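This briefing is written for a reader who is meeting the structure for the first time. Please keep the sequence and the model in view while reading.

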Amino acid sequence: MVEIYGIRPRDRMPLHTARLSERNPSNAGWLRFWNFADSSGGHAPRELTGARKDSWTFRANAKRGGGPLGPGLYTGGGNYDQGGAYCDDSYRTAIGSSLTAMVLFNSVSSTNSEFIFGNTSLITGGDYNWGIYRSHSTATIAAFVKNSGGTVVSASGASNLMPIGKTALAAMTYDGATIRAYIDGIQVGSAAQTGNVRTTDLNTTLCDWYGATQSQAVWAYYAGISNRVWSPDELLAVGENWFSIFDEEEEPVFYSLPTGGGGSVPPLYFHRTQHGMS
């Protein structure tokens, strides 16, 4: 029996900590990237961009567990003070007129429209700086940006792009002129906006927007925020392979090969290099 070590792409969330792939140039420039499948202490998600800087708070109905794609954060349902999670937003002042945000999630239930991932208020209802929003009535995704002058613009997709039960990578970009909304790397909406993103002291939230009498419940797997505008090709690459953002998995593969003359064949190790396998 010959034991051959290979590398395969991931197709589920890693149970234990996985690094962001250094082979993926898109990983440069994250302000924050959270892996909700893993924990850095208690229930807090592990931040893969360095030491944990923002402490997450889980509402009563939110919990970590096993979702359709493996371990993740179930945001729970109920009123705004029962479901969802939030953390501080100390990264916010690094955002000017360039923003990319994304979240991999699965919709479980919905009783009200809500920001799935965004920078929103837990003190005064209806306030936000930016966010990826799912409409309860139309089951679509919208991207919102409020500029420093207080003007709000949203870019919305067509109806029923994000129905209950669907897993997708929702993303948004803003470049100082246009807001764009994406689902699995495909642009579904755009709208003109100008100025810098407003950076008042709100919170980074998952399904947790003050004032919603009922909320949405989702499985969230990872989320990231960058002050660099990702290109359409970068977003499509991750949209086509959600887990390409992480290091790939190394695993042993066993083959029965003739040893010839009764001798043994030493293990063969295959490693991925810049030019293929060696």
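Predicted model: local features only at pLDDT ≥ 70, side-chain atom pairs only at ≥ 80, totals over all residues.

Residues are numbered from 1 along each chain as its sequence is written, and side-chain values use heavy atoms, with hydrogens and water left out.

- Strands (E) are DSSP runs of at least two residues, numbered from the N terminus, and strand E13 covers residues 167-174, with eight of its eight residues buried; buried means under 20% relative accessible area, with a 1.4 Å probe and protein chains only.
- In a regular strand the side chains alternate between the two faces of the sheet.
- In E13 both faces are covered, with Thr167, Leu169, Ala171 and Thr173 buried on one side and Ala168, Ala170, Met172 and Tyr174 buried on the other.

**Pairing partners of E13**
- Two strands pair if DSSP finds at least two bridges between them, and E13 pairs in the antiparallel sense with strand E8 (residues 99-110) over eight bridges, where Ala170 is the bridge partner of Val103.
- E13 also pairs in the antiparallel sense with strand E14 (residues 178-183), over five bridges, and here Thr173 stands opposite Arg180.
- E13 and E14 form a hairpin with three residues between them, and Gly176 in the turn has a positive phi of about 90°.

**A loop residue, Thr140**
- Thr140 is found in the loop between strand E10 (128-134) and strand E11 (141-146), and Thr140 is buried, with a relative accessible area of 7%.
- Not counting residues up to four places away in sequence, Thr140 touches Tyr133, Arg134, Ser135, Gly157, Ala158, Ser159 and Leu161, where contact means heavy atoms within 4.5 Å.

Notes:
Buried < 20%, exposed > 50% of the residue type's maximum accessible area, 1.4 Å probe, protein only. Helix = DSSP H or I, 4+ residues; strand = E, 2+ residues; numbered from the N terminus.
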